[in-house]
Amino acid sequence: MLKSVRGLSHKGGRPLNTGAALKFVKENVFTSSSGSRYLEGVKQILILISSGRSRDNVEAPASALKEHGVLVFGIGTRSSDSRELQNISYDPSYALSVSEFTDLPIIHQQLLSAMSTVIVQVTGMTPTVIPTIRVESQAPRRDVVFLLDGSDGTRSGFPAMRDFVQRVVETLGVDENKDRVAVVQYSRDPAAQFYLNTYTTKGEILNTVRGLRHKGGRPLNTGAALQYVRDNVLTASSGSRRTEGVPQILILLNGGRSFDNVDTPASALKELGVLVFGIGTRSSDSRELQKISYDPSYALSVSEFTDLPNVQQQLLSAMSTVIVQVTTMAPTVKPTILVESQAPRRDVVFLLDGSDGTRSGFSAMRDFVQRVVETLGVDENKDRVAVVQYSRDPAAQFYLNTYTTKGEILNTVRGLRHKGGRPLNTGAALQYVRDNVLTASSGSRRTEGVPQLLILLSGGRSFDNVDPPASALKELGVLIFGIGTRSSDSRELQRISHDPSYALSVSDFTDLPNIQQQLLSSVESVVIDVTPESTTDLVDHDTSRKDVVFLVDGSDGTRNGFPAMRDFVQRVVGKLNVGGEKDRVSVVQYGRDQEVHFYLNTYTTKEDILNTVRSLRHRGGRPLNTGAALQYVRDNVLTASSGSRSQEGVPQMLILLSGGRSSDNVDIPASALKDSGVLIFGIGTRNSSREVQGIATDPSFSQSVSEFTDLPSVQEQFFSTLITVQVEATPKTPTVIVDQSIARKDVVFLLDGSDGTRNGFPAMRDFVQRVVEKLTVEENRDRVSVVQYSRESEAHFYLNTYTTKEDVVDTVRGLRHKGGRPLNTGAALQYVRDNVFTASSGSRRTEGVPQILILLNGGRSFDNVDTPASALKELGVLVFGIGTRSSDSRELQKISYDPSYALSVSEFTDLPNVQQQLLSAMSTVIVQVTTMTPTVKTTILVESQAPRRDVVFLLDGSDGTRNGFPAMRDFVQRVVETLGVDENKDRVAVVQYSRDPAAQFYLNTYTTKGEILNTVRGLRHKGGRPLNTGAALQYVRDNVLTASSGSRRTEGVPQLLILLSGGRSFDNVDTPASALKELGVLIFGIGTRSSDSRELQRISHDPSYALSVSDFTDLPNIQQQLLSSVESVVIDVTPESTTDLGMCHHC
């Protein structure tokens, strides 16, 4: 709410119509449908802030509000009419006045007191409830469609049309079982912005309406738009409840004469019983509007769209009257869309020519698909839709089972991009649809007898043969409709189509609307004729489950061939029956080292996998280490934790695509995979075919192509081999090597992010990813945290932030180098000890879980490392130090748990060389450690001694602290990181102030440390003058340290206020500071050389709690001093039991 208020923009405009505004509030805001609870006896308060005399009459609407029981408080300036304000207010004494609006803080308390008093008086009375909106009571349910002229002629008036729609919607009682709303915009052709069943709340509708963009276009086809509304919007599948007798209302806003005929579609709407209201401007044809409207008297007119507010009440009254008349009649319901009633279920595939030749026509093809989809009754159990685009090769944009709502399909179709490419292989595309789209696993219901429709839009002659795949589709019972242009081969299209008469032609794709009705009629008639045969699915084979890993060569040598490899993976995945308990897929790319794009348990749908595969980028790198990649797959991908089901007897298959000879040994890892029962299939090029044969389970499982662009030529043969061998294979029960006996560990990576590691940081990040991939990340197994440091430290995430490997790896991939100097490794070690290896940050040290710290360091520390390193060892943390030639090797040995656990590389790019050494050392030391009973020491006094605290930061955001604000923000983050944030432990609030204060968030706004830190990071400097510290302290007392804002003072929880101030206060600080101290609030004041040190001492709980720095950038120097003061004072204080001063509870 506060965020929205902060973002309010000034409306502007004249004259000032306060009377109309009061009337609007009564009729549209103080209503049940807008959230008012006056029927439940909840107090209704209106606070009017006005700075001038109203141009219109205020007395009638003010009286109406008072009769309604609304408590009106009026606040004006010297420019207001004080008598007018007194008349409007609930009582003349509730009209308050200030000289300027900048003086509003002065009457803040007076307003709150007046509100408290009047509320107590009023709640003794039983309010008289008057239903204010006749429409709601008389018409509990309505379906309302707005049809907006979005043509070129309404560009300047469109904002006013949009505002009008918002105002009308605000008068409705929107709910799934009450009023429903749809909006359609049209020019040459119509487009539904949303349907009657898209949204179920007023808020969602208003948000979408606010974001409407003018469509543009010409000519204006109002007739086509009315027909569209009848056929596509006022239907059961789009949310219309006409057959249940719910009134159907169409509100047309039109700014010109229609180019096409409106009589027929207008009559058709009236026959359906739709109540049409037409609103036009002086540019409209008034006779046309009267013909369209339900009755000529329901055609309203304004000079310009900006005058729409003048007819709003007239429209609402007309709606109320006509609805009452209509609802007494029993409507005659006629089925409007033959297709919906006669063909309740269809599977419709669009096959779109995306080759170079259709670039200019593609947007028209996309629009055509949208219009056809809009005529369908999309639902999982009704019509299903898929879209495939093709040029040289085909790509499914989405499958028949990808989406279950019309809205999702239309959104995706709107976003389709032209594929491009040559030559045009229509034959291959038809074959692709047969093998990969019209299959049970992709959502086809052919075997259930559901009609299968393929609509082909082609803009040229095919380069390959279309006859065999077209015949194969017809044998399956698929109904093919071909649509071509003058550039197509009409004979070819006729041969492809179900019947030559189903091959349609347009001059250009922009003429597609001309044949839309012809296509739909053909679809209707042919669907009724066809009863599909009962056929067997070709793709879903006997073997119900398999785990398939693709290992793809991404080295420098495959840059040109990579797109073809990626397409091959897509085509093979298209053949699989992907699902949680069916086929699972993983993709790994490798060169010098490996990268897992996703694991066997990452995705459970074919669409997710194909989307990810489509976006794969070539990795690059040299040399090519195929041996290391095979070993990696065995150790990290074909494991239970990564989704392998080998222990359940599910066949394990590895498909290797390699374009060169390996730089390392492949025999040992290949043998190890075969021994584990993994079936290896290999495809190589002329550079790698011999090696690939040796790697494959059997030489017959390897194939060779000249170039990867020739992969389609071996695809069918490859898939046959895959099916055959899969049936024969009975996997052995493998021994799991990776999942060691160590069930749980907490692993923290501490990364040197100083200026000296800028070049090496990507290698450090990759190393962290590779180590994480070796772990079994789960809440009750391994946990991971990453901290980066230079001058100071920053936790990227804590041990309890993420519970899946995928989340951890995703975040690590996105890490940015921090930068900064000097390098304070000692402070970073201390930070990790105090803030990361703690229970509140997810450490399970007290449960005996091994604690591991992996330090990657590229230089000698500027500060002392001995004390914090010893402190970590005393806690039982196992520290591994990895440095470069720039590091101090002795320092690293001192830091490490044992000197032998300090590892060294020349550059960070050589980290892969020590990875295995690190993992072995970790395994060894963990086994040793877990046999010992760890001695647990409490590390943070504050956490153990003060389990609950309410901490408020009060930050000087005035003009004088602009430069120092980032340092203040960082300081708040560092202090928050030492707290144990939780709803039942520490709570935090932040207030920023200058002339007046603003709460950034309250004590009960956030319950996790992560949320608080995210918000603090995003704080913007407020600015302003003068600096009123006194008013800010009073604000904290009255608005933040209250029960309603999350304070637990009355429960005896210590209340801490940490003030950061950069100047002398302009107002008096003594009274509010004393008031806070009387409440038992512990105030710590921190100032700079620009502050008034005596003032800070007077504000603070004790003069010794006023701390000072030269500049806010020096705040880290006093952080420990502040925390120590906090610890000692929290222990001393026993807060008194006090009464809360906030808003009274009995009100």
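Visitor: With which residue does Lys 745 form a salt bridge, and how far apart are the closest N and O atoms?

Guide: The partner of Lys 745 is Asp 782, and the closest N and O atoms of the two are 3.3 Å apart. A salt bridge here is a side-chain nitrogen of Lys or Arg within 4 Å of a carboxyl oxygen of Asp or Glu. The pair links distant parts of the chain, 37 residues apart: Lys 745 belongs to strand 22 (residues 745-752) and Asp 782 to strand 23 (residues 782-789). Strands are DSSP runs of E of at least two residues, helices are runs of H or I of at least four, and both are numbered from the N terminus. Lys 745 and Asp 782 are both buried, where buried means under 20% relative accessible area, exposed over 50%, and partly exposed in between, with a 1.4 Å probe and protein chains only.

The model is predicted: local features need pLDDT of at least 70, side-chain atom pairs count only at pLDDT 80 or more, and totals for chains, interfaces and linings use all residues. Residues are numbered from 1 along each chain as its sequence is written, and side-chain values use heavy atoms, leaving out hydrogens and water.

By the stated rule, the count comes to 55 salt bridges. Another of them joins the side chains of Asp 547 and Arg 645 at 2.6 Å, N to O. This pair also links distant parts of the chain, 98 residues apart, with Asp 547 in strand 16 (residues 546-553) and Arg 645 in the loop between helix 22 (626-637) and strand 19 (652-658). Asp 547 and Arg 645 are both buried.

Glu 691, in helix 24 (residues 689-695), is buried yet has no salt bridge; the nearest side chain of opposite charge, Arg 661, is 5.2 Å away. Leaving aside neighbours within four places in sequence, Glu 691 is in contact (heavy atoms within 4.5 Å) with residues including Thr 626, Arg 661 and Val 666.

Conventions:
Lys, Arg positive; Asp, Glu negative; His and termini not counted.
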